[in-house]
Amino acid sequence: MPAWIDTHCHLDAPEFDADRDAVRAQAADAGVTHLVIPAVARAHWDAVAALAHRHGDSYALGIHPLYTPRAREEDITALREMLVRLRGDAHLVAVGEIGLDFFVPGLDVDRQIWFYEQQIALAREFKLPVIVHVRRSSDRLLKTLRARPVQGGIAHAFNGSAQQARAFIELGFKLGFGGAVTYDRALRLRELAASLPLDALVVETDAPDIPPHWLYATAEQRAKGLPQGRNTPAELPRIAAEVARLRGITPEALALATGRNARAALRGLPAMA
């Protein structure tokens, strides 16, 4: 059985409150040997660290762009203090999830950029890679990364252009592919998964979000009472098998490559997985 690294799983999310340990055990049974658990807000930092320690996984600390409306500027000071305190923790592998979201309406762009750039500064100070949220924001994210380079990282749930993909790769980033690539209609994304250099790819679930097509319920189905399927890290091998099929390689070959790529992107992983 191939051994997989899920480079983006929100195991601390409330959707897993009832069965969190069972979800992690099911993932292990499916061959998912390691998770990276990124935080989304200050209130989550302790939880993701504790989960990573409990299961032998890794974590990242940051403030997600969708959480910037309720974040406070002093959270940046608190993040720096926590990074100082945890500097020697081998389970801490990145600053994340940070970034910009220009898709969700009503978010203050300038506020997002302020939090993003403050966290980029911390990543530079602590020589950590970053896990970035990229949604209709690639060019603006790249502008900061070119001006203030970091230790690379992962562009999570990448769905930009081939040119933008190359720009992230040139800056030392790997590109995360997850459940969205399983949809036949995601033509551009599937073409990227098939054609980008193999050493640029990592795989992820974003669980409990971004369900693969076999878990997705349409609005019409939900109106009839069918619940939206919950994504879990145990879905990663099946998601990754679709990426392997698109590339014309075996799942075993993809697991080896994406594991190697994850370790290159998040340099704390070799000791952990």
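Reader: Which residue of β2 stands opposite W4?
Author: V32 in strand β2 stands opposite W4. This is a predicted model, in which local features need pLDDT of at least 70, side-chain atom pairs count only at pLDDT 80 or more, and totals for chains, interfaces and linings use all residues. Residues are numbered from 1 along each chain as its sequence is written, and side-chain values use heavy atoms, without hydrogens and water.

Reader: What makes β1 and β2 a pair?
Author: Pairing requires at least two bridges found by DSSP between two strands; strands are DSSP runs of E (at least two residues), helices runs of H or I (at least four), numbered from the N terminus. Three bridges join β1 (residues 4–6) to β2, in parallel, so the two strands pair.

Reader: Why is the unit of β1, α1 and β2 called right-handed?
Author: A crossover is right-handed if, with the strands pointing away from the viewer, the path from the first strand over the helix to the second runs clockwise. The β-α-β unit of β1, helix α1 (residues 20–29) and β2 is right-handed, so its path runs clockwise in that view.

Reader: What makes β2 mostly covered?
Author: Six of the seven residues of β2 (residues 32–38) are buried, meaning under 20% relative accessible area, whereas exposed is over 50% and partly exposed lies in between (1.4 Å probe, protein chains only).

Reader: How do you know where the buried residues of α3 lie around its axis?
Author: In α3, D75, I76, A78, L79, M82 and L83 are buried. Seen down the axis, the buried residues fall within an arc of 160° (directions from the helix axis to the C-beta atoms), so they line one face of the helix. E81 and R85, on the other side of α3, are exposed.
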